[in-house]
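The following exercises concern a predicted model. Each states a task and then works through its solution step by step.

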Amino acid sequence: MAMAAKKVIAICQSGGEFVTNKDGSLSYSGGDAYAIDIDEDTQLKAFKTELAETFNYSIDTMTIKYFLPGNKKTLITISKEKDLKRMISFVQDSVSVDVFVMTEEAVARNVSNMPASRSSRTTVLEAVVPVVGPIDVDVDMVNAIDQVVMDVRDETPISCIPPENMDENHRKAALQWENTITGVDQRFNSIAEFREALHKYSIAHGFAYRYKKNDSHRVSVKCKHQGCPWRIYASRLSTTQLICIKKMNPNHTCEGAIAKAGYRATRGWVGSIIKEKLKVSPNYKPKDIAEDIKREYGIHLNYSQAWRAKEIAREQLQGSYREAYNQLPFFCEKIKETNPGSIATFSTKDDSTFHRLFVSFHGSIRGFEQGCRPLIFLDSTPLNSKYQGTLLTATTADADDCIFPVAFAVVDTESDDNWHWFLAELKSAISVSHQITFVADFQNGLKNALAEVFENCYHSYCLRRLTEKLNKDLKGQFSHEARRFMINDFYSAAYAPRLEGFQRSVENIKGISPEAYDWVMHSEPEHWANAWFTGARYNHITSNFGQHFYSWVSEAHELPITQMIDVLRCKMMELIYTRRVESDQWITKLTPSNEVKLEKETSIARSLQVLISHGSTFEVRGECVEIVDIDRCECSCKGWQLSGLPCCHAVAVFECMGRNPYDYCSRYFTTDSYRSTYAESIHPVPNVDRPIQGESTDLGVIVTPPPTKRPPGRPKMKQAESVDIIKRQLQCSKCKGLGHNKKTCKVLELTYIHSGNG
């Protein structure tokens, strides 16, 4: 039976230094590390390639050396396949083997002078327990090795442009850090803050350094170039937690030699650099991170390094994520203080964990009451933040049929209770003098909650959600083609303005499946079909009207909760201001989009014939005959009632009578209503995440994050549009038939045969 190849688990180190011991042997300390597996079957070329990719070396200039077991004074060179196999063989039962990987330049500069102490740019591979055949694995040892590998990977060197090769933009970016270290007596809040300042300082001044001492209360650092006098020592200031620079020699003698060495950047350092930008742009992509770091600092990152840097930056922000929940009492008070008349309220569970937060700005409340039609869209979108949650939204349509946010809430989960609470808060915020039409889902407790909170409201079932449920319920019973026809007929039934059109569409469904017909008729058409619905929804029959608002959420959902809400506030503040300024330039009575609609109806009306019947009733002839009652603002085509704007038949009557069509348009479509919607401003809320010094934030309430956390893996985003329930059917470009293309068209094949050519 063949014996398994001898395996070696190795750890690669880089950036440390050789130290000469009293007995003349060499030891290697410090540096970064990387784990690698090799065995007797490993090819030298593959080994070199992996090392070159890992440490950004050139294979052609790479030299690999190692110590013989028990001999720390003589280095053996690996230059061919046999040398590599001999090294693995020499390991025998030794615990480790030291392997040094360096460039030829480093060899000439450092190795030739050994055993004198040298600071070198070398790499060490420490092989951990070679394995021969089946063995009992020490789980604790393996876990320890894995932890070491995970820890040291964060410090893998990242290639950089030496300072003397930087262009002007790169140099300007680095120069901003020239004074992060100013000298003796400079103080820092922590050791970590000092280390970060030192790293930036070294980049700005173009030198590399190494630690002599580096622990929780003191740091001693010297220039990495041998003989250079630059030094710095910082330690804890007595009786405080501050770190103070006690000694510093700011002079360098290394000059160009150090500049050629360039500087090193770690993922942790990059994470600290992008942390602030990540707060503002949580969707900052690794590719963009790499491009920005290269452009601004001249440092090259690969995708994995940029991704890991982003993760580190997120981890550094975790404290602010948790703290943001505890800032909610202060944050809500600041909203009400800076925006009088606004509602900002939250609640916690018995264990003080976050439950829900409701926000409605005074500018939104007044805008809805003064200028918007009594129509509200209710919807929800999941939040892929650290602590998950769901955003509940109430939006409406302004006079130009654009989204206008009314209120929103962050809740721990979408539930019947949370929707009931949200609607109760919404009712307390807005005036209910008009009968409101809600376009919303019929599930998640909304059906009962709306009837209980807004007693006499109209509830229009969201057609998108209904269609999703219909498709899901029918998927296992009918073919794709049959479902496609049924759903098309279902949409036709919903949009049909009159009963005969509705009935014709549902009969088409019945012809395919009596069961599907029963499903449609039991889905309460009076809540979704134009022919049956008694409320005014102005041709809006889906609740996802607020897609523009959800795009804002997607930009901010990974921020701490207070910052996320403030980003939404900023977006709304800018929206109100921009639309107010734009509308000041309008000179038409109706808003631009409605002027276009009315002009279209007017154009059609010119070809219609009007016959006076009696009183306010008129007969209008065109392709069909319609009856218009101008006193009741009704037309038998139902177009006037459904849209709120006169249809072509009504416009034809106005033209005949010499009346002004604008007098019969809903006030909700006028420029004046639009301006009323955006008359009130939303004001800034300063110091959202950093209350000013001396400002009390202790309101006696403790709020901790909810217990739910983001699961591993790529988060699933809410669909920007309705789910593509039935994909576009393949259609032949020749015979126009469905389900095939011209290459597989049977009709063309039969035609060809019958023509006598077959």
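**Exercise 1. Characterise the span of residues 626-658 by its end-to-end separation and its helix and strand content.**

**Exercise 2. Describe how α19 packs against α20, and classify their relative orientation.**

Solution. Step one is the geometry: α19 and helix α20 (residues 561-583) pack at an angle of about 140 degrees, and their axes are 9 Å apart. Step two is the classification: roughly antiparallel requires an angle over 145 degrees, and α19 and α20 are therefore oblique to each other. Their crossing is right-handed.

Step three identifies the interface. On the α19 side are Phe549, Trp552, Val553, Glu555 and Ala556, which meet Met564, Val567, Leu568, Lys571, Met572 and Leu575 of α20.

Step four extends the view to the other partners of α19. Its buried residues are Gln547, Phe549, Tyr550, Trp552, Val553 and Ala556. These buried residues pack against α20 and also against β16 (375-382), β17 (390-397) and β18. For Phe549, leaving aside neighbours within four places in sequence, the contacts are Leu391, Thr393, Ile403, Pro405, Phe408, Leu568 and Met572.

**Exercise 3. Classify the orientation of α15 relative to α16 and list the residues that meet.**

Solution. Helix α15 (residues 463-474) and helix α16 (residues 480-495) pack at about 150 degrees, with an axis separation of 11 Å. The threshold for roughly antiparallel is an angle over 145 degrees, so α15 is roughly antiparallel to α16. The crossing of α15 and α16 is right-handed.

From α15, the residues involved are Leu463, Leu466, Thr467, Leu470, Asn471 and Leu474. Their counterparts in α16 are Arg483, Met486, Ile487, Phe490, Tyr491, Ala494 and Tyr495.

**Exercise 4. Locate Trp528, decide whether Trp528 is buried or exposed, and identify its contacts.**

Solution. Trp528 belongs to the loop between α18 (514-521) and α19 (547-556). The cut-off for burial is under 20% relative accessible area, so Trp528, at 1% relative accessibility, counts as buried.

Leaving aside neighbours within four places in sequence, Trp528 contacts Tyr461, Leu466, Phe490, Ala493, Ala494, Phe502, Val520, Ser523 and Arg537. Leu463 is 65 residues from Trp528 along the chain, yet their C-alpha atoms are separated by 6.8 Å.

**Exercise 5. State how many helices and strands the protein chain has, and what percentage of its residues count as buried.**

Solution. The protein chain has 25 helices and 24 strands. Of its 758 residues, 49% count as buried. Among contacts between residues at least 6 apart in sequence, 64% join residues at least 24 apart.

Technical notes
Residues numbered from 1 in each chain as written. Predicted model: local features only at pLDDT ≥ 70, side-chain atom pairs only at ≥ 80, totals over all residues. Heavy atoms only, no water. Helix = DSSP H or I, 4+ residues; strand = E, 2+ residues; numbered from the N terminus. Contact = heavy atoms within 4.5 Å. Axes fitted to C-alpha atoms, helices over the stretch in contact; angles between N-to-C directions. Parallel < 35°, antiparallel > 145°, perpendicular 65-115°, else oblique. Left-handed = near helix turned anticlockwise from the far one by under 90°. Buried < 20%, exposed > 50% of the residue type's maximum accessible area, 1.4 Å probe, protein only.
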